[in-house]
Amino acid sequence: MATKPVDFRKGHDGLAALVQSHLKMKPFDSAVYVFRAKRADRLKMIWWDGTGLVMAYKRLEQNQFKWPAIKDGVLRLDPAQFEALFAGLDWRRVTSLEVPSPAAAE
């Protein structure tokens, strides 16, 4: 997740360029890249699905997303935190359960 707001007029190519130039990541790997707008009620995501670059946009109607402090940088979310963020919940209060691998059945 990019922690600094981006220009939401950017499309697929513009956001992929930001991933590469500002985040120093590869836009065509398996990661989902999340961007915030200046208004805290909007987010855009891009990811490579193996056949093309996909972009999704979400606007919350009555709430705002819980964002970290605005600064340059990247924040990595685990899958549970990402799900909470996308649902409009406070992802900072979510932690993934660490489930041990099952022992081999005998």
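In strand β2, Trp-47 is the bridge partner of Val-32. Helices (H or I, at least four residues) and strands (E, at least two) are taken as DSSP runs and numbered from the N terminus, and two strands are regarded as paired if DSSP finds at least two bridges between them. The structure is a predicted model, in which local features need pLDDT of at least 70 and side-chain atom pairs count only at pLDDT 80 or more, whereas totals for chains, interfaces and linings use all residues. Residues are numbered from 1 along each chain as its sequence is written, and side-chain values use heavy atoms, with hydrogens and water left out.

β1 and β2 run antiparallel and are joined by five bridges; the two strands form a hairpin with five residues between them. Strand β2, residues 42-48, also pairs with β3 in the antiparallel sense, over seven bridges. Within this pairing, Leu-43 stands opposite Lys-58 of β3, and Met-45 has Ala-56 of β3 as its bridge partner. β2 and β3 likewise form a hairpin, with four residues between them, and Gly-50 in the turn has a positive phi of about 100°.

Together, the three strands form an open sheet with antiparallel pairing and the order β1-β2-β3. Its edge strands are β1 (32-36) and β3 (53-59), each of which pairs on one side only. On average, and with direction ignored, neighbouring strands of the sheet are turned by 20° against each other; axes are lines fitted to C-alpha atoms, for helices over the stretch in contact, and angles run from 0 to 180 degrees between N-to-C directions. Strands of a sheet pair through backbone hydrogen bonds, either parallel or antiparallel. β1 is largely enclosed by the rest of the structure, because four of its five residues are buried. The term buried means under 20% relative accessible area, exposed means over 50%, and partly exposed covers the range in between (1.4 Å probe, protein chains only).

Helix α1, residues 12-21, lies across β1, β2 and β3 and runs at about 100° to β3. Helix α2, residues 79-86, packs on the sheet and touches β1, β2 and β3, its direction making about 135° with that of β2. Contact is defined by heavy atoms within 4.5 Å.

Ile-46 is placed in strand β2 and counts as buried, at 0% relative accessibility. With neighbours within four places in sequence left aside, the contacts of Ile-46 include Leu-15, Ala-16 and Val-19, together with Val-32, Tyr-33, Phe-35, Val-54 and Met-55. The C-alpha atoms of Ile-46 and Arg-92 are separated by 22 Å, the two residues being 46 residues apart along the chain.

Val-6 lies in the segment before α1 and, at 16% relative accessibility, counts as buried. Leaving aside neighbours within four places in sequence, Val-6 is in contact with Leu-15, Leu-18, Phe-35, Arg-36 and Ala-37. Val-6 and Arg-92 are 86 residues apart in sequence, and their C-alpha atoms are 22 Å apart in space.

Gln-81 is located in helix α2 and also counts as buried, with a relative accessibility of 15%. Beyond the neighbours within four places in sequence, Gln-81 is in contact with Arg-76, Trp-91 and Val-94.

Lys-24, by contrast, counts as exposed at 65% relative accessibility. This residue lies in the loop between α1 and β1. Phi of Lys-24 is near 60°, a positive value in a residue other than glycine. Most residues other than glycine have a negative phi.

For the chain as a whole, the C-alpha trace spans about 60 × 35 × 25 Å along its principal axes. Buried residues make up 32% of the 106 residues. Of the contacts with a separation of 6 or more, 51% are accounted for by residues 24 or more positions apart. The accessible surface comes to about 7400 Å², of which 53% belongs to carbon and sulfur atoms; accessible areas come from the Shrake-Rupley method with a 1.4 Å probe, and for residues only the protein chains shown count as cover. The mean positions of the 17 positive and 12 negative charges are 11 Å apart. Lys and Arg count as positive and Asp and Glu as negative, while His and the chain ends are not counted; the place of a charge is taken as NZ of Lys, CZ of Arg, CG of Asp or CD of Glu.
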